[in-house]
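Hi,

Here is the structure we talked about handing over. Please load it first, then read my notes below.

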Amino acid sequence: MKPKKFKLANLYLLVVFFILYAPILYLIVYSFNSGGTMSNFEGFTLDWYKSLFTDTRLLVIVLNTIVIALLSATISTVLGVIGALAIYTARQRFTKTSLLSLNNVLIVSPDVIIGASFLILFTMLGIQLGFYSVLLAHIAFSVPIVVILVLPKLQEMSPTLIDASRDLGASTWDVLTKVILPYITPGIFAGFFTALTYSLDDFAVTFFVTGNGFTTLAVEVYSRARQGISLEINALSTILFLFTLILVLGYYVLAQRGAKAKEVRR
């Protein structure tokens, strides 16, 4: 066998991954620096993590962020599945294309424009900026993401599955709960986890619609970074990165199990 040659594409891939992950690794390493700076590593310490977990205000913000993320991801997943089903079952091609285009516009629109639009809308409606304004905004920008992830699974599904279930006497509710939803479960999980990570990481939209003492981790990190370098921010960012990584790995494991289950059924 001839030895495999190192391709230029592999080198390019390594360079891209290095550019993406080197700053993150640098941030993580210096979260353990006892020197208190980002320029000289003097020694290993966990003081910044201890300081982080004794900060009561920050712990409240973490709780707020998790609650917002879980609520927005759950609600947007339900609405996104309903939206994907509406687009999939639309009979007229013009209606289907129009709905899909309107959905995609929200995905490609800049976060600054979405955030400013929500700020104007909430101000006009008299909605007080705080928990509910952030929750509504996160649901709004997460729903299109869920639709995009669920719709391909619906399009992959053979119409004969639905026809066969109806021939066997299944009602519309049975078709939905026992045929369609189980088939698109991987897409639903993908939509939920993606919406969850988007909510946890969002800054631009949240920055516009937060207020009245309510804030999230992304906005808090930005506020603290403006006050100067503090390795407590590094510790906080490290925990956020690891948490997001766990979510991604969890989704990957669930997706792999779903794929294996399908192979067994076949």
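Is His138 buried or exposed? It is buried, because its relative accessibility is 0% and the cut-off for buried is under 20%. Bear in mind that this is a predicted model.

Some context for His138. The residue sits in helix α6, which spans residues 131-156. Leaving aside residues up to four places away in sequence, His138 touches Ile68, Ser72, Ser199, Asp202 and Thr206.

Next, the aromatics. The structure has 13 aromatic pairs. One of them joins Phe203 and Phe207, with ring centres 5.4 Å apart and planes at 35°, so this pair is tilted. Tilted covers the range between stacked, under 30 degrees, and edge-to-face, over 60.

Phe207 also pairs with Phe208. Here the geometry is edge-to-face: the centres are 6.3 Å apart and the angle between the planes is 85°.

How accessible are these rings' residues?

- Phe203 is partly exposed, because its relative accessibility is 27%.
- Phe207 has a relative accessible area of 41%, so it counts as partly exposed.
- Phe208 comes out at 25%, so it is partly exposed too.

Which residues make up the aromatic cluster that includes Phe207? The members are Phe203, Phe207, Phe208 and Tyr222.

To recap: His138 is buried in the model, and Phe207 takes part in a tilted pair with Phe203 and an edge-to-face pair with Phe208.

Best wishes

Terms used. Residues are numbered from 1 along each chain as its sequence is written. This is a predicted model: local features need pLDDT of at least 70, side-chain atom pairs count only at pLDDT 80 or more; totals for chains, interfaces and linings use all residues. Side-chain values use heavy atoms; hydrogens and water are left out. Helices (H or I, at least four residues) and strands (E, at least two) are DSSP runs, numbered from the N terminus. Buried means under 20% relative accessible area, exposed over 50%, partly exposed in between (1.4 Å probe, protein chains only). Contact means heavy atoms within 4.5 Å. Rings of Phe, Tyr and Trp (its six-membered ring) pair if their centres lie within 6.5 Å; planes under 30 degrees apart count as stacked, over 60 as edge-to-face and the rest as tilted.
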